[in-house]
Amino acid sequence: MMTAGMRVSDDVANEYTNLRMKRSHRYLIIRVNDDKDEVILDQVGERDATFEQFKEAMPKDQPRFAVFELEFTGNSGANEAKIVFILYAPDICDSGAKFIYATSKDVVRKKVQPFNKEIQVNDWADLDDEAFIKYFKH
Amino acid sequence: MYCGDDVSSCVIDIGSYQTRAGIQMHVIYIFNRVFWRRLSSKCDPITNGDQDVEMVDAEGENKSRSSKRLVVGSAELNYKRDNMEIQPLFSDQGILNFDFIEDILNKSLIDNLMINPKETPLLFTEQALHNKEARIKLTEFMFEKYQVPAIFICKAPVLASFACGRSTAIIVDSGSKTTYATPVHDGYALQKCIIKYDIGGQQLTSDLRTWLENDRKIEVIPRFGFKKKFQNINGVENFEVSRLDIDGVHPSYLNWAKDEVVRELKEEMFYVSEDQIDDRSLETIKGLNYELPDGQSINLQGERVSFTEKMFVPNEKLPGFTGIQHMIVESIGKSDIDIRRDLFQNVILSGGNTLFKGFLERLQRQIPEISPQNVKVKVISSNERKFSPWVGGSILSSLGSFQQMWMSRQEYEEHGSIMIERKCP
């Protein structure tokens, strides 16, 4: 993978562990800092937050990384929880910002292991939990 | 590791039609620093010295090198010289001619961008198909000949997909000579899935010229082949066109100059039909008049779409080619089953040949017809798609965190040129 050599803050990995093991968060929103040399934690979602609240917390016109824990009823009727890793890079923002997020995706992904599915979203309308759940239901 | 603070690096994207080179400053990209360059042109010794005194002075050292003098650049190219021969930078097999590249780089870096290659790291783009020998040769050439401090080589489709904010996508790169379909996954161009056909803008231009000359019996006159004089006789304004003698011009230069006239006609008048065309739909197309530079008028109707249609239907000259939409679906079909859905949602256009009006709509309409039924197809294009690899390279080289990725001169001296394979996967 060609990367741009971005550093990732330790918060990201720590809070991800809290999300996954302690189940204390619903989502994490991760961004690149203003100096464009480090990936930092932007926002953390409460455990009872919904997907709509997550969508409100996301900026519409700026790229972000996000981790979200989906809960839904699976094919067998049992409740399932799956963690998705999202790269949100809207087509409307400038290529410089999109480029930074696309090249540093790999380093962020390594810090939020393990997760169930990686999703690349490029449009506000595609940020949709129904569509994400479809990846796990066949 | 090359860690110069505040480096301004230069991005060079060599194409078969033009080479794009530019300096990256603190802002992300500066378009007016991009220099457009025609193919390298080779010039025979010039006998009529009068007009060329200045030129010889400016490039005096080139002349002493050999009896043939290389002239590079669109400004020089548009100036007619007798016996000037044009030679392409790439051979028919797509191999770079290193004799010419030196002159192109000299011209674009030293003369036009006014940088010193000894102080400036250079980022090159390369075509999707991995060619180990070519990149090793380029590395050696740059370090030995230009003594550059650092170099990086990156695949053009990877840069184009990153510039669109995607690390997984399929890039449809249609240039002047070739069309590639390259799936990119996590920043790697998937070598086994690349599909390439020799169809591109140059092919369309030469087809159009053949048609104009054979079917319409129109003689294409290059811009230097006539003189236009403005007349005002009793209030009636018109231009008087008189032909000039063009016998001394080398056939290859004449050929190129005629192609340029036809290319402008193509870019101005042609578009891609929304759906597959038949005889009946051709009649509904609006006819338009086009005036060639020498005043000849051509009426074009169905031809406005029938030439571009060649990119979407089987072609007897290219065995195996059944249309760009089939190329894309076939290339996705070769890739891993897990990423196919993502690839269908991220079809990215790149290259000057995709600038035809309606190109995107046509693909958006035809890919779903031949793709699996439950996938969503989305074709994306950016306004800068004519040189998106250059834009991507320019952003990449401007990132502060990228500066540790360059292959530096020290590394070259320690490990040799093979190191480029490890530094730039």
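This is a predicted model: local features need pLDDT of at least 70, side-chain atom pairs count only at pLDDT 80 or more; totals for chains, interfaces and linings use all residues.
Trainee: Which helices of chain B each supply at least two residues of the side of domain 1 that touches domain 2?
Mentor: The contact joins 14 residues of domain 1 of chain B to twelve residues of domain 2 of chain B. On the side of domain 1, at least two residues each come from helix H6 (156-163) and helix H14 (388-398).

Trainee: Which residues of domain 1 of chain B lose the most area to domain 2 of chain B?
Mentor: The area buried between these two domains is about 990 Å², with carbon and sulfur atoms giving 57% of that area. Three residues together make up 41% of what the side of domain 1 buries, and they are Leu129(B), Pro157(B) and Val158(B).

Trainee: How many salt bridges are there between chain A and chain B?
Mentor: The contact between the chains takes 26 residues from chain A and 31 residues from chain B, and the area buried there is about 2400 Å², of which carbon and sulfur atoms give 53%. One salt bridge joins the side chains of Asp91(A) and Arg166(B), at 3.0 Å from N to O. For the interface of chain A and chain B, the count of salt bridges is five.

Trainee: Which element gives the largest share of the side of chain A that touches chain B?
Mentor: Across this interface, nine residue pairs are in polar contact, both residues being at pLDDT 80 or more. Helix H3 (95-111) and strand S6 (117-121) of chain A each supply at least two residues of the side that touches chain B. The largest share, nine residues, comes from H3(A).

Trainee: How many residues does the largest nonpolar core have?
Mentor: In soluble globular proteins, nonpolar side chains tend to be buried together. Among the residues with the most contacts inside the largest core are Phe65(A), Ile12(B) and Phe152(B), and Phe65(A) touches, among others, Leu28(A), Val39(A), Phe85(A) and Tyr101(A). The size of this largest core is 80 residues.

Trainee: From which domains of chain B does this core draw at least three residues each?
Mentor: The assignment for chain B gives three domains, including domain 3 (201-311). At least three residues of the largest core come from each of domain 1 (10-158 + 387-423) and domain 2 (165-199 + 321-381).

How values were computed:
Residues are numbered from 1 along each chain as its sequence is written. Chains are lettered from A and ligands numbered from 1 in the order in which they are written. Side-chain values use heavy atoms; hydrogens and water are left out. A nonpolar core is a set of buried Ala, Val, Leu, Ile, Met, Phe, Trp, Tyr and Cys residues joined through side-chain atoms within 4.5 Å. Buried means under 20% relative accessible area, exposed over 50%, partly exposed in between (1.4 Å probe, protein chains only). Domain bounds come from an automatic or database domain assignment. Contact means heavy atoms within 4.5 Å. Buried area is the accessible area (1.4 Å probe) that two parts lose on being put together, summed over both. Helices (H or I, at least four residues) and strands (E, at least two) are DSSP runs, numbered from the N terminus. A salt bridge is a side-chain nitrogen of Lys or Arg within 4 Å of a carboxyl oxygen of Asp or Glu. A polar contact is a pair of N or O atoms within 3.5 Å; within protein, one must be able to donate a hydrogen and the other to accept it, and residues adjacent in sequence count only if both atoms are side-chain atoms. Lists of a residue's contacts leave out its neighbours within four places in sequence.
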